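Trainee: I should like to learn how to read a structure of this kind feature by feature. Please show me the general idea each time, and then the case at hand.

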Amino acid sequence: MEAVNAKNDELITVADRSRRVLALMGFLSEITEWGWAEAPPRKLVFRDDNPKLPQPLPRYLPVDVDRRLTEVLTQRPGNELAAAALRLQRACGLRIGELLDLELDCVHELPEHGSWLKIPLGKLETERMVPLDDEILTLIDHITELRCHGRPMPHPRYRRRAQFLFTHHGRRLSQRAVRDELDRATHVAGLDHVTPHQLRHTYATALV
């Protein structure tokens, strides 16, 4: 039977249920450790008894929203390098970490198969290749013109020095800078809050 919130007489949320189950598990565990006589002789609450919290996937951007955001990032950028990074993320369906880990030589030409973007090791510890068209190649050329040249920097995964695609004043472009540019662009475009991961979902939806 579902518990009721005493303040509004409505059923408690899944998050409330989860907190109560965790509190009970902690209490039972502690009284057992303390040697209370009332402690149950066996385990009563298990991990599977804790309700799973809903984790909805980020929504993709509708076509008109996608176009308005892209127009601002292209025509009215604030941080030009970060704006170009967001456009590349949208064009290739990258996670933000994969985007910023791209190296300067990330474009590969395969004989009779065109140009491909090599995505570094990411969340699933796998590499992949994304096909590139002329428009995306032009964007990458634009990024190489915007980036600041400098010494190779340590790669966070491979433990070697690398030339990264997104560098600015001797440093790698940060996730904070990319997110700030996205927040600025959505404000200029008159849109609700958008996250970088929504650009990845928009890419996948467009493919479907």
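Mentor: Let us begin with strand pairing. Strand S1 (residues 107-110) and strand S2 (residues 114-119) run antiparallel and are joined by four bridges; two strands pair if DSSP finds at least two bridges between them. Helices (H or I, at least four residues) and strands (E, at least two) are DSSP runs, numbered from the N terminus. This is a predicted model, in which local features need pLDDT of at least 70 and side-chain atom pairs count only at pLDDT 80 or more, while totals for chains, interfaces and linings use all residues. Residues are numbered from 1 along each chain as its sequence is written, and side-chain values use heavy atoms, with hydrogens and water left out.

Trainee: Which residue in S2 is the bridge partner of Val107?

Mentor: Val107 has Leu117 as its bridge partner in S2. The two strands form a hairpin with three residues between them.

Trainee: Where is Glu112 found, and is it buried or exposed?

Mentor: Glu112 is found in the loop between S1 and S2. With a relative accessible area of 84%, Glu112 is exposed; the term means over 50%, whereas buried means under 20% and partly exposed lies in between (1.4 Å probe, protein chains only). Glu112 is not a glycine, yet its phi is positive, at about 65 degrees. His169 is also not a glycine and has a positive phi, of about 50 degrees. His169 lies in the loop between strand S6 (167-168) and strand S7 (171-172), and counts as exposed at 63% relative accessibility.

Trainee: What is the strand order of the open sheet?

Mentor: In general, strands of a sheet pair through backbone hydrogen bonds, either parallel or antiparallel. Here an open sheet of three strands has the order S1-S2-S3, and its pairing is antiparallel. S1 and strand S3 (128-132) stand at the edges with a single partner strand each, so one side of each has no neighbour in the sheet. From one strand to the next, the twist averages 40 degrees.

Trainee: How many bridges join S2 to S3?

Mentor: Five bridges join S2 to S3. Among them, Ile119 is partnered with Arg128 in S3, and Lys118 with Met129.

Trainee: Which helix lies across S1, S2 and S3?

Mentor: Helix H5 (residues 134-146) lies across S1, S2 and S3, running at about 105 degrees to S3. Axes are lines fitted to C-alpha atoms, for helices over the stretch in contact (heavy atoms within 4.5 Å), and angles run from 0 to 180 degrees between N-to-C directions.

Trainee: Is Thr186 buried or exposed?

Mentor: Thr186, in helix H6 (residues 175-188), counts as buried at 4% relative accessibility. Its side chain has a polar atom 2.8 Å from the backbone oxygen of Asp183. Beyond neighbours within four places in sequence, Thr186 is in contact with Leu69, Leu191, Asp192 and Val194. Ser18, in helix H1 (residues 14-33), is buried as well, with a relative accessible area of 8%.

Trainee: Which domains does the assignment give, and how far apart are their centres?

Mentor: The assignment, automatic or from a database, gives domain 1 (1-55) and domain 2 (63-207). Taken over C-alpha atoms, their centres are separated by 44 Å.

Trainee: Where is confidence lowest, and where highest?

Mentor: The predictor's confidence in each residue is its pLDDT, from 0 to 100. Where pLDDT is low, the predicted coordinates should not be read in detail. The chain has a mean pLDDT of 87, and 93% of its residues reach 70 or more. Confidence is lowest in strand S4 (residues 153-154), with a mean of 80, and highest in H3, at 97.

Note on methods. Polar contact = N/O pair within 3.5 Å; in protein donor to acceptor, adjacent residues only side chain to side chain.
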